[in-house]
Amino acid sequence: MTLYLMTFFLFMVGLYGAITKRDLIKIILAVGIMGYSVNLFLILIAYRTGAIYPILTKSMGANPALMVDPLPQALVLTSIVIELGITALLSALAIRIFEKYETFDITKVRRLKG
Amino acid sequence: MIIPYFVIIPLSAAFLIALISRKKENIAAGIALIVGIVLTIMSIYSFILLSKNEGAIYYHFSNWKAPVTISLVLDYLSSFILIIISVISLIAIFYSLQYTNHYTGKWQYFALFMLMISGMNGVALTGDFFNFYVFMEITLFSAYSLVAFGCEAEELEAAFKYAIVGSISSTMILFAIGLLYSFTSTLNMADVGRVLLNEKSKVIYLVYGMLIAGLGLKSALVPFHAWLPDAHPSAPAPISSMLSGVLIKVLGTYAMVRIFFNVFNAPQIFLQIMLILGTFSMVIGGLMSIMQWDIKRMLGYSTVSQIGYIFIGIGLGTPLGILGAIFYLLSHSIFKSLLFMNAGAVEYALDTRDMRQMGALNKKLPVTSFTSMIGSLSISGIPPFNGFFAKLIIIIACIQSAHPIYAGWAILVSIITLAYYLKMQKHTFYGKPNFKKIYEKVPFTLKTSMIILAGLCIISSILIIPGIKEVTLDKVTQVILDKTDYIEYIRPLIMGGK
């Protein structure tokens with residue numbers, strides 16, 4: 001239970017950072033932290049105390065009750081790849097914004113109003 | 001089987017464009033146009049095909065059994081959404097042919113456009129939660145890039161905001177999916193619904209909250225709307241019309257209806273929240289758009305306002321309310337695309353978006369002026385056009401289900417809508433000329449696409465004539481009203497598997 005709460009706390013840390021930070025790079029990092037917390041959560045769901053790797057072998061037998069759940073691990077791989085793409089896109093946008101505005105401060109990046 | 005090709009064709013077209021047409025950009029446009037036509041024919045054919053297949057067709061990846069594998073589900077609601085996506089994107093591609101003359105890297109534009117279509121088709125078809133998340137990310141990824149396509153300072157700023165808000169909401173949705181998986185041990189939407197029918201837990205309210213926040217951010221409901229008036233106007237005009245006309249409805253409205261009605265059996269708390277948020281969106285979006293002078297920004301706030309109508313119809317939960325929401329979804333995708341294309345044509349000719357630097361354009365740009373008038377009348381609800389019937393159905397549904405307050409708000413906002421569109425007409429196409437000069441004529445494909453959409457504004461009204469309504473809109477409404485009938489198909493498959 002503590003682990004779950006800590007993961008949720010990490011999620012909230014990310015959300016807090018994304019909302020309150022003024023630096024573009026810190027916002028990108030905060031969004032990354034949110035993503036990691038959800039990945040951790042997915043891995044925690046799959047974990048089972050004392051279970052083995054989910055590979056069917058002859059010596060260990062084929063008892064799914066003794067294995068960790070392999071599905072969330074597959075999901076986490078996909079979601080890590082998606083987050084990599086998002087982070088790369090956000091960083092590219094931040095670099096282009098720096099070229100145009102010459103600042104990383106979000107309060108100075110505001111030509112859109114209304 | 002026709003279903004997987006809705007994703008395969010645009011996806012392979014995107015990579016084909018990136019591979020072969022870097023130097024020859026006309027080939028990129030040609031491929032995009034062919035894909036648009038093929039998808040339109042396929043989506044209309046799929047609607048006809050459904051009547052022969054008892055209203056639902058399933059496709060299971062790799063021929064595994066249903067709850068284990070990813071399944072694609074085509075029913076009337078998906079098919080209806082596919083038709084909207086295909087028709088609007090075909091017209092937007094046709095509009096882009098000459099509109100993109102101002103941009104460099106045409107092939108990148110069309111490749112991203114194809115990627116966006118494949119993602120949206122996937123979202124409309126998928127029957128699996130994680131697959132839904134993946135297709136949603138594909139759509140959003142190309143949408144962020146397309147918003148920033150012009151690489152001007154404002155466009156980059158808007159794209160950055162959109163990308164941050166979009167990834168926060170996606171993370172929330174993934175968190176909700178993780179919670180659902182831990183509770184039900186399955187990711188198949190129908191199977192999740194089946195488990196939830198029997199077992200209740202308090203954790204489901206956390207899932208509701210995360211999904212309403214996540215999907216609400218996607219569909220720009222007030223208080224989650226702040227990114228939309230920045231992001232949608234900053235994109236190139238055909239992309240604005242795709243984002244405002246189709247994308248927020250597929251990722252927001254459709255996903256919400258599918259998940260909350262067909263999987264969660266329309267919980268009362270969800271309907272209440274939708275009514276309240278819908279009213280707030282309607283009123284605040286309407287009031288904000290009166291104050292705008294940027295023509296596309298005004299249309300962006302107008303989208304926030306009009307999306308409120310759809311959610312009020314959904315929140316009522318009555319057959320008439322759902323019918324109104326469905327018809328308004330269709331109508332709004334037509335006339336909002338038209339209005340964004342009008343704004344794009346004006347921007348193409350004058351190189352400005354400020355309404356104070358326009359005026360008396362009805363002589364100079366007659367086609368744009370005429371179609372924009374039709375779009376404005378349609379969105380403000382003037383009788384022969386589709387917007388009138390859609391708003392009327394929603395207002396009648398409000399009164400019928402004993403919610404006269406919401407009906408009052410809907411009528412009031414309809415008047416506000418008329419006010420700001422009259423303001424747009426007066427300052428843009430009538431009144432005194434304030435523009436410096438007309439740089440370029442509006443090209444052929446821009447005019448043609450605007451005329452087609454203006455025609456659709458009138459033609460789509462026939463969908464609610466009794467007789468035609470029974471075979472089109474009523475079947476879509478029935479899918480939503482049947483609620484958890486959606487999960488029935490999974491039962492024989494599970495029984496057979498064990």
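How many residues line the largest pocket, and which of them lie nearest its centre? The views below are taken from a predicted model, in which local features need pLDDT of at least 70 and side-chain atom pairs count only at pLDDT 80 or more, while totals for chains, interfaces and linings use all residues. Residues are numbered from 1 along each chain as its sequence is written, chains are lettered from A and ligands numbered from 1 in the order in which they are written, and side-chain values use heavy atoms, with hydrogens and water left out.

**View 1. The largest pocket is lined by residues that include A:Ala18 and B:Lys161.** The lining comprises 32 residues, and A:Ala18, B:Lys161, B:Ile164, B:Val165 and B:Ala226 are those nearest the centre. On a 1 Å grid over the protein atoms alone, a pocket is an open set of points with protein on both sides within 12 Å along at least five of seven lines, a cavity is a set where a 1.4 Å probe fits but cannot get out, and lining residues have an atom within 4 Å of a point. The pocket holds about 760 Å³ of space, a volume being the space filled by probe spheres set on points that are joined across faces, edges and corners. At least two lining residues each come from helix H1 (2–20) of chain A and from helix H6 (153–184), helix H9 (228–234) and helix H12 (295–316) of chain B, where helices are DSSP runs (H or I, at least four residues) numbered from the N terminus. H6(B) provides the largest share, seven residues.

**View 2. The largest cavity has a volume of about 80 Å³.** Three cavities of 30 Å³ or more are found in a search of the whole structure. Helix H3 (76–99), helix H10 (237–263), H12 and helix H13 (319–350) of chain B each give two or more residues to the lining of the largest cavity, and H13(B) gives the most, with four residues. Among the lining residues are B:Leu77, B:Thr253, B:Tyr254, B:Ile310, B:Ile326 and B:Ile480.

View 3. H6, helix H8 (203–218) and H10 of chain B each supply at least two of the lining residues, with H6(B) giving the most, four residues.

**View 4. Helix H3 (residues 70–101) of chain A packs with helix H5 (residues 129–147) of chain B at an angle of about 10°, their axes lying 11 Å apart.** Axes are lines fitted to C-alpha atoms, for helices over the stretch in contact, and angles run from 0 to 180 degrees between N-to-C directions. H3(A) and H5(B) are therefore roughly parallel to each other, a term for angles under 35 degrees. Residues in contact (heavy atoms within 4.5 Å) include A:Leu75, A:Ile82 and A:Leu89 in H3(A) and B:Phe130, B:Glu137 and B:Tyr144 in H5(B).

**View 5. Within chain B, the axes of helix H2 (residues 25–52) and helix H4 (residues 106–125) come within 8 Å and cross at roughly 20°.** H2(B) is therefore roughly parallel to H4(B). The contact involves, among others, B:Glu25, B:Ala32 and B:Leu39 in H2(B) and B:Lys106, B:Phe110 and B:Asn121 in H4(B).

Methods. Parallel < 35°, antiparallel > 145°, perpendicular 65-115°, else oblique.
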